[in-house]
Each structure stands twice: as C-alpha cells, then as structure tokens.
Amino acid sequence: MIQQLIQYRIRVISFLVLVTLTLSVFWLYSLTLSKTAFASGILLLCCILFLAAYQWRKKLSFLSLGTATVWLQFHIFVGLMSSLLFLMHIGFRVPDGMLEFALFLTYCFVFLSGVLGWLLSRIIPYRLLSRGEQVIYERIPIYYRKVREAVEQLVSENLKTDEENAVADFYQKNLREFFSGPRNQLRHILHSRRHRHQLTQQVSQILPYLEEREQEAMKQIAVQIQLKDDLDYQRSLQSVLKTWLFVHVPLTWTLILFALFHTITVCAFASTSG
Amino acid sequence: MSEPSVTRPRRWDKPFSLEAGSENEMTDTDVEELLQLTPFCQIDSSGFKRSLSLQEILKNDARIVGFDDGDIIVRRGDWGSSAFLILSGNVRVELERGESSLPDEILGRRHRRMKTLWESFSQLWRNHREAEVREVAEVSGARPAMNTRLTRGRTRIYLQEVSAVLDKYRTARLEPGHWFGELAALGRTSRVATVFSEGVSQLLEIRWQGIRDILRYDTHGGLKSYIEDAFRERALASFLRTDPLFQECSTELMQRIVEQAEFYTFGNYDSSRPFKELNSNPLRITETGEPVIIREGETPRGIVMIRSGLARISQRYYQGRRTVGYLSPGQVFGLEVIQSGMKASVSQPCQTQLSAIGHLNVVVIPKELVEEILEQQNTTGNNAVTEPPRLSPTCQTVKIDDEALLGQLIDRNYVQGTSLMVIDLDRCTRCDDCVRACATAHDNNPRFIRHGPVLNHFMVPSSCLHCVDPVCMIECPTGAIYRDLGQGDIVINDQTCIGCAQCASNCPFDAIRMVDIRDSRGNLIVDSKTHAPLTQATKCDLCIDQRTGPACERACPHDALFRVDMQDAVQVEEVFAR
C-alpha cells in the first residue's frame, strides 16, 4: 500500500513536470511570434484520442496494457492537461465560426461531464454504503417484487368480509403506488428523507384506529416501507453512476468526429490561411 | 400414496475396497493376516468401540492394491487422502526437489497452457455467446495420449524407462513394512514426493478416515508414535528451518530439538462441518468449542509452532474475549514471552490466549531449548535476548488495528484464504468492470458474483478464496479439482470433472457452482444413457491461463478490488488499514 502511494506520487509529479515543460515550450514558441495554434491543435487531438482509448483498454482487460487504475489516473491527468491546451488553442476566446463553436461546446460538455463523473465516483460510493443492503443493480427489480409481494400478503391476510378494510384501504390510498416501482429518485439523489418521514407519519397516524392484529400488520408494513425506500436509494444513486457514462462516452465520440473534421478542414486550407 | 423410502446411507455401505480402482474386496482372511503385521499387531484393539472395531476399520477403510514395475503410486503435488503400507515388493521414492525432480511430462501431468498473445486478443470475438460451452470431445474423454496402461483393471500412469529414471534421478528404496503418504493424508497437504513401484509390489492403502479412527482409539498409541517419528525423522528439521529463529542453530542443537519436540493435535478433523456451522450461527459465538492451547496468564512450557491449521490469539475483554490476531502454518507463539522472561530472569505469564480454529497441528519446542537458542544467538552477537529476531512476513502474527473486523474475518473463516477477494466499498462505483473482465477471460462466463457479506466497508464477494486447507479437494473422486503446482492455486480440470458436486457441497463459502454444460451451438450436453443434462463444477481459477493474472483485479479502475493472502501479516495489515 505504501509502495502504491509512492508510485502514485511519482506519477503525479512526473505528470506535473511534463505539463510544465509543454506549457513552457508553447510559451517560448509564442515569443517567436509564430502561430502556435497548429501545434497545440495536433497535441490536443492526440490527447483526445488517448482519452478515448481508455474505453478500449477496458475491453482489452486480458492484455498487458497496465492496470485500469493507472489508465484512469492518466485519463484524469491528460483530461486536465487537455483543458489547458484547449484554452491556449482557442486563445482564451469563444470561437465565432459555426463548426468551431459546436466543437467548443462539445469539448466543454465532455470535459464537464468528465469532471462530474470523477466527483460522482468519489462521493456516491460513500453514500451507497450508508443506507440499505448492498445490492446488485440488475437484481433490484427482484427485490422490489419480493417486498411488494410481502406487503400484499400482509394486506390480504387482513382483509375482512365487511367493508371496513382499514389496512387494504390505507395500502390502496397511500402505498400502492410507492410499492409499484422505483420512486423518489430525485429526492434520493438530493439526499432528502422527507418522503420517508411522511409515509412513516401516515402509518403512525392510522395505528390508533386499528385492531391489534391490524396494528401488527401495519408495523410490519412500515418495516417493508423502509426496505423499499432503501432499495430506491440504492437504485437512484447507482443509476446516476451508470447514466453519466451514457452522456460522457457518446459526447466523446461526437467530439472526435468534430475534431477530425476540424483538423481536415484546417489542413486543407492551411496554405491559404497563412 | 406412500412416500418412497430407502435405507439411510451409512459410512461403510460401500467399503474402500469396492470403490473404483480397487482389485479385490477385503475379506476377513485378509484382515486377519493384516492384524499379524506391524504396526497392527501392536495396536490395543480393546480401546475401539464395538461398532468401530479395528477389524471393521481395516475391512472397510483399507484395500490391498497391486502395482507393476514403474507404476506411479503417488505423484508429487497431488492431494493426499490416503496412506500406504508396503506389504510386499519394493517402491522407490524420489528424493530430488525443485527443478531437478521428475518432470511433469514423465508424471503424466499436462501443463496448463497459458494463452498466447493472439489467443488472448481473439477472445474478443472467439468467446461463445452461449453460457458454459465445452468441447464435446473433451467431455467424452477423447484426449491426447499419455503414459497410461491398464494394470489389474485400473488405468495407471507409469514410467516408461524405470532404469533410466533410477540412473538420472536420486531415489530411495522403501521396503516392506514401511509407510508413506501418511503425513500428506493427515495434514491435508499435497504429496511432497513421487513414489513408484520397483518391480511388482503389493500395498495396503488406508483412507484418512480410517487412520484418524485408529489414532483416536489406539490406547497404546503405536501408530501415532510411528507417524510422529516419521515426521520427526523426515520433515521436522526442514520445517523448523523455515523460521528465522532456527536458521542459525548448530547441528547438535537442532538434533536435540528434533528429539525433544512435542506434537499436539487440536480440534475436529472432520471435513468442513465446523466452518459451516460457524457460518450459519447467527450469534457467531467464536469461543464455543475452540480448544485452548495456552491460557492467558499461564507460563508457557515452550514455543508453539503451527504445522497445519489456524490458531486464534485472544485477550480478556471485560466479561468476554477479544480476538487480537491469528497464526497460520509456520508461525510461532510464545517467543516474546520467553524472551521477556529471560530478560527479567523470572518466568513471565502469557498476556494472550492461544486457541485452535477448526483442526490444528502444532509442534511445541521446550522452553529450555528455546532459551538455549536465544543464548547461542546472543553470544554470536545477534543480541537476541533483548531484541526479538527479525521475522519474515510469513512468520509474523497476523494483526489488524480494527479488532472487531479481525474477529469477523476469523469467525467467517476468511483467514483460510490465500487469495481472498475483497472490495473496498468506499471506492467501488459498482461499474461491474471486474465482472465483465472475468467473463471475457472465461469464455463469457463470470466466475464470481459481486455480492457477499460486508465487513465494515469491505465486501467479500462470492468467489473462491483458494484456501490454505482446501476442504473442497478432499472428496473429489477423479482429482479434477487440484492445486496447480506452479502457483498453488486451486483449479478445476474440465476434462476430468464428472459433475459429482462433492467439491461444491464441501466448500464452506459456496464459491463453487455446478453448471449445465452446452456444446458450441448452445445445446445442453446430456448423458447418452439417462438423457439427463451433464453438469460440471466451476469456480474462480485466478485467470491461470491468462497472461496478465486475475483479470478482475487489473480491470478495477478505482483500485477498489484486491486479492489478499490472509497468511501474509504485512499484506493483511496494509490492506485492511486503508
């Protein structure tokens, strides 16, 4: 573990040295009054292609291409360096051409979604551990069904022949929708427990009006509410971790297409643009 | 309608001599003849239970097997579950170790071939879409030829040129009356040497359950002392030399240590039952049933060195006991107490208690001899009395700062793992890259489930631990589940797995799954007679045929998944301190 920490520090330091050297070379080059845009553009394209290669590394896990941890670290480092190069490349101004503006926006979205993803991958694991059982995302619907069946069993056991079906009425009015599928996703993402508190209160309020047997059933339903809410919590946060990649990855490929088109255009008109 | 009824199966419904590979059933006459031989004639049969008499043990747990010239009786590295007594003829035991020993090809053992770079790369498109695809030819037994022949109704691997082997490799002759294989059978370890028949020989093979019962009920202890003497004579000195304390011992002192060392066995020897019971016990009462070796506050008679099994170190904590560490094979207890006693010139009591987890074999080296070693080292300038000897990582007591976590790891028996998979949930983003990488490396069949008990912020997924004492291997009838000689990992050979599920039912961690196998078109492979689907055992093999090692570990981008050798004190401490 200490060795890993040392290796990590060496990687960070060598990367910082590399960035400093690159930026210094560009600055010295700009002092000669030469145009640096072509050089920075080529380097930026290389950075973007390297960043996209991380996706391929994941698929080639059986080849000796270094561990995914090292690749992710360099993915983050190179991503940060690319932002500096990008700013230098556009001259710290918003481009005015249509293609260039689209390229500018795409890069910004890719970069920001990357930063967001990094933050989410640091924050959400802690939060996932704080509530509920650790469940596999794909199995959550099975757990949902089990919880719903348990609650419906409790409700059906308390059905009466007369019309005063308090538990069934309560379930139909307040809980049926809650148990029918994933609920309160945004609240879970925002770490709010208001809905849970409301449901618990509703259960507490009805208890004095029930028979002893029904009260017992309602207490068991309250336990199932907590279980279901924990499952919702797990599902919501795990959904966030999965869906941000569906934004980041397609945007990256769009960026590569735009960047290649931009490069070809620039090369084609290089002789006329001076 | 009446329920179908059968007679409840009992231990000796099928005697060992009627199992596959036997020649003749053991008769009462055979047993009577055996009882005239040493060591059986020295055993006091009055101590045996009527239902478990010595005669019945020999009749049901032993068999007489014949071998032809060059037939291999046991192979180095194979799992030992029986011991042999030479009745007639001679056998040769190979004395070479390491690279100079008999090569695997001669022993009829195929090397697990590692995938080439191209084969690794082509997994991307060559992996089957259907689950658990096997080549039909492999399952049906059509395999490349090796040195086997049919001897006395049994297919045996043999050495083609015995005289050439005798010329080239150093061997020793064992004659009638000699035992071999008993240490591996009782210690649940692999065979350390290859033994083959020199000329025609006849051997008595006893399975370990039989030896265990003889050891248990023989009041004279004849066989026990024979086995202890064998260990003392053949293996004790080299076992002790693995510890730095004994490495610089003079030959004369080592000889006295070997003569005076005492052997003790604690706990239940039977299979994995204690671990399963412990795992199913919701209260996890760890102290219940653990035999105490040295009590807290007691003055130690010597140092305790673990031969096989695991031992718990605990300390009094209010009204109960708190686990503070554990010891694995080769590790030592009591040395520091003796050292501090020497320093203070007064015997010191133990501050902790040592107890056996499951089945445990220990060697006790008397205190006087330990003091002599320390004094000898002190005079040679090592200053051993005041400074504890520098222990290698494998000789240190395994400890973690979080004692509650340590207790849980022991209670759940995860300390057995030599490659325990652990996921740090504070880092894991549930991306499942580990599962995908595992599936890619195993023809699209993941060999673990990313789900399991959570201890603090560590999850232990349902994956093979590659136990130090792999009870899954004990009852495999074909040796399909075996310890790879190169790395020591436990792997399953698809070509010899008959789908009996013994390993899966023995595994205390439910890490072995039985799966229905299919052909490349996705059709279930069925038994030609019964038309029932064929099953095979599957489990994590640590990507033994992949060039990069365990794919799961390398595929984790957040450094959340790691493998831990629970016998390595330094690694355990570092990993669980994160």
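## Aromatic pairs

How many aromatic pairs does a search of the whole structure find over all chains? The search gives 22 of them. Please keep in mind as you read that this is a predicted model.

One of these pairs is A:F101 with A:F104: the ring centres are 6.2 Å apart and the planes meet at 25 degrees, so the two rings are stacked. The cut-off behind that label is an angle under 30 degrees between the planes.

## Along helix α4 of chain A

Where do A:F101 and A:F104 lie? Both belong to helix α4 of chain A, which covers residues 98-130, and they are 3 residues apart, about one turn of the helix. Is A:F104 buried or exposed? With a relative accessibility of 16%, A:F104 counts as buried, whereas A:F101 counts as partly exposed at 36%.

Helix α4 of chain A also holds A:Y107 and A:F111, which are 4 residues apart, again about one turn of the helix. Their ring centres are 6.1 Å apart and their planes are at 15 degrees, so this pair is stacked. A:Y107 is buried, its relative accessible area being 7%; A:F111, with 24%, is partly exposed.

## Charges over rings

In chain A, the charged end of A:K228 sits over the ring of A:F178, at 4.4 Å from the ring centre.

Chain B has such a contact too: B:R307 lies over the face of B:F231, and here the distance to the ring centre is 3.7 Å.

## A sheet in chain B

Now to the strands. In what order do the 4 strands of the open sheet in chain B come? The order is β16-β17-β15-β22, with antiparallel pairing. At the edges stand β16 (454-455) and β22 (561-564) of chain B; each has a single partner strand, so one side of each is left without a neighbour in the sheet.

For β22(B), the partner to look at is β15 of chain B, residues 420-424. These two strands run antiparallel and are joined by 4 bridges.

How values were computed: Residues are numbered from 1 along each chain as its sequence is written. Chains are lettered from A and ligands numbered from 1 in the order in which they are written. This is a predicted model: local features need pLDDT of at least 70, side-chain atom pairs count only at pLDDT 80 or more; totals for chains, interfaces and linings use all residues. Side-chain values use heavy atoms; hydrogens and water are left out. Rings of Phe, Tyr and Trp (its six-membered ring) pair if their centres lie within 6.5 Å; planes under 30 degrees apart count as stacked, over 60 as edge-to-face and the rest as tilted. Buried means under 20% relative accessible area, exposed over 50%, partly exposed in between (1.4 Å probe, protein chains only). A charge sits over a ring if NZ of Lys or CZ of Arg is within 6 Å of the ring centre and within 35 degrees of the ring normal. Two strands pair if DSSP finds at least two bridges between them.
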